[in-house]
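Reader: I have a new structure open and would like to learn how to read it. Could you walk me through a few features?

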Amino acid sequence: MKNLFDKGLSFRSFMFNVDEDNKKKFMKYYIPMEISSEIKEKIMCLKKEVNILGVVEPWCPDCHINLSILEKMISFNSNITLRLVTRDDVKDELDEYKVDGKIKVPTFIAMDKDFNIQGAFIEKIDLVKNADIETVEGSKINMKYKAGKLINETAEELLKIIIGA
């Protein structure tokens with residue numbers, strides 16, 4: 001896992017290589033995003049080092065949302081290091097994170113300073129994954145997610161993997 005992490009790019013370097021259209025899509029979520037003070041405080045109080053390996057793609061709508069949230073969270077604590085790779089960079093190293101035979105993007109794997117795995121976030125939050133979009137309620141949840149209205153729910157789920165809960 002450490003080898004893959006070491007090959008990864010920082011968020012800033014990754015964004016430098018993203019086309020203008022997708023940069024705008026990332027910034028649509030990142031710039032106006034407000035994370036609750038409660039979640040922000042929990043992130044700021046984290047004393048241990050955390051390494052996060054993200055498998056992402058610049059064109060992916062779930063990456064636009066969830067990577068933006070994760071990067072905003074990380075900006076509150078310098079003990080958290082994020083490195084990003086694309087699916088093409090991952091061969092068989094992450095087989096245990098594959099869903100239906102392939103890595104879903106984004107996949108975020110949180111590790112301690114020694115690269116022991118603490119947890120993983122795959123594609124989107126459980127609330128959205130479990131929503132039946134064929135129902136009115138499920139469709140509303142999905143629309144809120146795509147509109148960037150589930151920021152704190154996503155931040156809570158990401159926080160759990162960051163702190164290893």
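**Reading a helix, its strands and its loops**

Author: Gladly! Let us begin with packing: the buried residues of α8 pack against α4 (37–44), β1 (50–56), α5 (61–74), β2 (80–86), β5 (107–112) and β6 (117–122). Keep in mind that this is a predicted model.

Reader: Which residues of α8 are buried?

Author: Start with the general idea. An α-helix has 3.6 residues a turn, so residues three or four places apart point the same way. Now the case here: the buried residues of α8 are Ile 151, Thr 154, Ala 155, Leu 158, Leu 159, Ile 161 and Ile 162. They lie on the same side of α8, because the arc they cover around the axis is only 165°.

Reader: How many residues does α8 have, and what span does it reach?

Author: Helix α8 runs over residues 151–163, which is 13 residues. From its first C-alpha to its last it reaches 18 Å, close to the 18 Å expected at 1.5 Å a residue. Gly 164 follows α8, and its phi is positive, near 75°.

Reader: Now the strands. Which residues of β1 are buried on one side, and which on the other?

Author: In a regular strand the side chains alternate between the two faces of the sheet. In β1, Val 50, Ile 52, Gly 54 and Val 56 are buried on one side, while Asn 51, Leu 53 and Val 55 are buried on the other. Seven of the seven residues of β1 are buried, so this strand is largely enclosed by the rest of the structure.

Reader: In which sense, parallel or antiparallel, does β1 pair with β2?

Author: Those two pair in the parallel sense, over seven bridges. For a spot to look at, find Val 56, which stands opposite Thr 86 in β2. Between the two strands the chain crosses from β1 through α5 to β2, and this β-α-β crossover is right-handed.

Reader: And in which sense does β1 pair with β5?

Author: Here the pairing is antiparallel, over six bridges. Leu 53 has Ile 109 of β5 as its bridge partner, and Asn 51 stands opposite Met 111 in β5. Five of the six residues of β5 are buried, so β5 too is largely enclosed by the rest of the structure.

Reader: How many bridges join β5 to β6?

Author: Five bridges join them, and the two strands run antiparallel. Ile 109 has Ala 120 in β6 as its bridge partner. Together β5 and β6 form a hairpin with four residues between them.

Reader: What should I look for in the backbone angles of the loops?

Author: Most residues other than glycine have a negative phi, and most peptide bonds are trans. In the loop between β5 and β6 you will find Phe 115, whose phi is positive, near 70°. Asp 100 also has a positive phi, near 55°, and lies in the loop between β3 (98–99) and β4.

Reader: Is Phe 115 buried or exposed? And what about Asp 100?

Author: Buried means under 20% relative accessible area, and exposed means over 50%. Phe 115 counts as buried at 17% relative accessibility. Asp 100 is exposed, with a relative accessible area of 76%.

Reader: Where is there a cis peptide bond?

Author: Look between Val 105 and Pro 106, which a cis peptide bond joins, with omega about -5°. Pro 106 has its place in the loop between β4 (102–103) and β5.

Note on methods: Residues numbered from 1 in each chain as written. Predicted model: local features only at pLDDT ≥ 70, side-chain atom pairs only at ≥ 80, totals over all residues. Heavy atoms only, no water. Expected span 1.5 Å × (residues − 1). Buried < 20%, exposed > 50% of the residue type's maximum accessible area, 1.4 Å probe, protein only. Arc of directions from axis to C-beta. Contact = heavy atoms within 4.5 Å. Pairing = 2+ DSSP bridges. Right-handed = clockwise from strand over helix to strand, strands pointing away.
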